[in-house]
Amino acid sequence: MGVWESILRRGGRRFIKRKDSDAGEAGQVLEDLRSSLYNEFHTSEGAKRQQQRFCGPGVALTFNFVVSVGIIMANKMVMGTVGFNFPVALSLIHYVAAWVLMAVLRALYLMPIAPPPKSTPFSSLFALGAVMSFSTGLANISLKHNSVGFYQMAKIAVTPTIVAAEFILFQKKVSLRKVITLVIVSFGVAVATVTDLEFNFFGACVAVAWIIPSAVNKILWSNLQQSGNWTALALMWKTTPITIFFFLVLMPLMDPPGLLSFNWNVKNSSAIMISALLGFLLQWSGALALGATSALSHVVLGQFKTIVIILSGFLVFNSDPGVTSLYGAVIALGGMSIYTYLGLKESTAGAKRIPSQLKSKVTMDGEKPETRPMDSV
């Protein structure tokens, strides 16, 4: 009996040790899972990964395209039917509404975590907020004082400005094939849209002044998101108060008098609030698109939107833009298709280049896969 008791005692101790070991491993797994979930939802890196996972380039560009078409109709209703002829004040209302909506998201703990303050200089955030106010405000003023044709010419000029600015600021080069494609796209859009070039000196000055802020705005939005751990909403939350401040400065200088005497009835106020909601979605979708792609891709998307509006009016509503405009639209669509193909080709090449670089690094470090003989039975 003594022998059996000693054996059982040892076996019991081993069982208890094994049980404790299994419990420790399970606890470690749960702790790792908890840490992983915390990093995914309570850190800026995790928030950035979630944005990239659920909002890739295709989703972001489609979202921005749909909202852009919607806000064009809403702003036409506000500026035309409602008669709210205060472009900077309208932009201010858009950004105040966006800030209120983000404050609600923040109160409900739905706002993504921002990176630590030391990771991004305040000067960069201040510059982005200031440039964004000038870009949006001057765009609305340009649209009010210029003909549609002259406004489109200014939009086309943003493309070479982005190429030059990215080269000066970040030494970023664009391949010759893409440059040729962008020239074709710009030419097609010009032929399709530039039907009237009524010249207005003040409007022309505003349009020229708008080009550089518009290009720098897109570059900064794209660069800050791609180089840091900023998500679109977190960056909007930090820069929107700065933009609102500059709108308050610009409004008395750029808008005509009479804002307070405007007829703020329920119908007019509802139309302006719908425009403000779409303005928030436009800002958010534009930031997502710039974070997922590039400033140039966002410009091409804007030109694609213009061409789609022209072609849909011809095909669906039987409008007659003219044979020249239709030829220009077809040329622009062909250039956009080639640009998209080149972008996808470069992305595929970049994805293939990463594993080869890792493989060469392993070889240079002298690490070899571990090989050992199989245990004999």
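This is a predicted model: local features need pLDDT of at least 70, side-chain atom pairs count only at pLDDT 80 or more; totals for chains, interfaces and linings use all residues.
Residues are numbered from 1 along each chain as its sequence is written, and side-chain values use heavy atoms, with hydrogens and water left out.

Q: Are the rings of Phe-63 and Trp-284 stacked or edge-to-face?
A: Rings of Phe, Tyr and Trp (its six-membered ring) pair if their centres lie within 6.5 Å; planes under 30 degrees apart count as stacked, over 60 as edge-to-face and the rest as tilted. The structure holds 13 aromatic pairs. For Phe-63 and Trp-284 the centres are 5.8 Å apart and the planes stand at 90 degrees, so the pair is edge-to-face.

Q: Which helices hold Phe-63 and Trp-284?
A: Helices are DSSP runs (H or I, at least four residues), numbered from the N terminus. The pair links distant parts of the chain, 221 residues apart. Phe-63 is in helix α3 (residues 57-81) and Trp-284 in helix α10 (residues 266-292).

Q: Which parts of the chain does the pair of Phe-84 and Trp-264 tie together?
A: This pair is edge-to-face, at 5.6 Å centre to centre with 70 degrees between the planes. Its residues are 180 apart in sequence, so the pair ties together two loops: the one between α3 and α4 (87-107), with Phe-84, and the one between α9 (232-254) and α10, with Trp-264.

Q: Is Phe-84 buried or exposed?
A: Buried means under 20% relative accessible area, exposed over 50%, and partly exposed in between (1.4 Å probe, protein chains only). Trp-264 has 40% and is partly exposed. Phe-84 has a relative accessible area of 0%, so Phe-84 is buried.

Q: Which residues does Ser-135 touch, not counting residues up to four places away in sequence?
A: Ser-135 is found in helix α5 (residues 122-145) and counts as buried at 7% relative accessibility. With contact meaning heavy atoms within 4.5 Å, Ser-135 touches Trp-210, Pro-213, Ser-214 and Asn-217.

Q: Which backbone nitrogen does the side chain of Asp-255 reach?
A: Asp-255 lies in the loop between α9 and α10 and counts as buried at 10% relative accessibility. Its contacts include Phe-86, Pro-87 and Leu-250. At 3.2 Å, the side chain of Asp-255 reaches the backbone nitrogen of Val-88.

Key:
A polar contact is a pair of N or O atoms within 3.5 Å; within protein, one must be able to donate a hydrogen and the other to accept it, and residues adjacent in sequence count only if both atoms are side-chain atoms.
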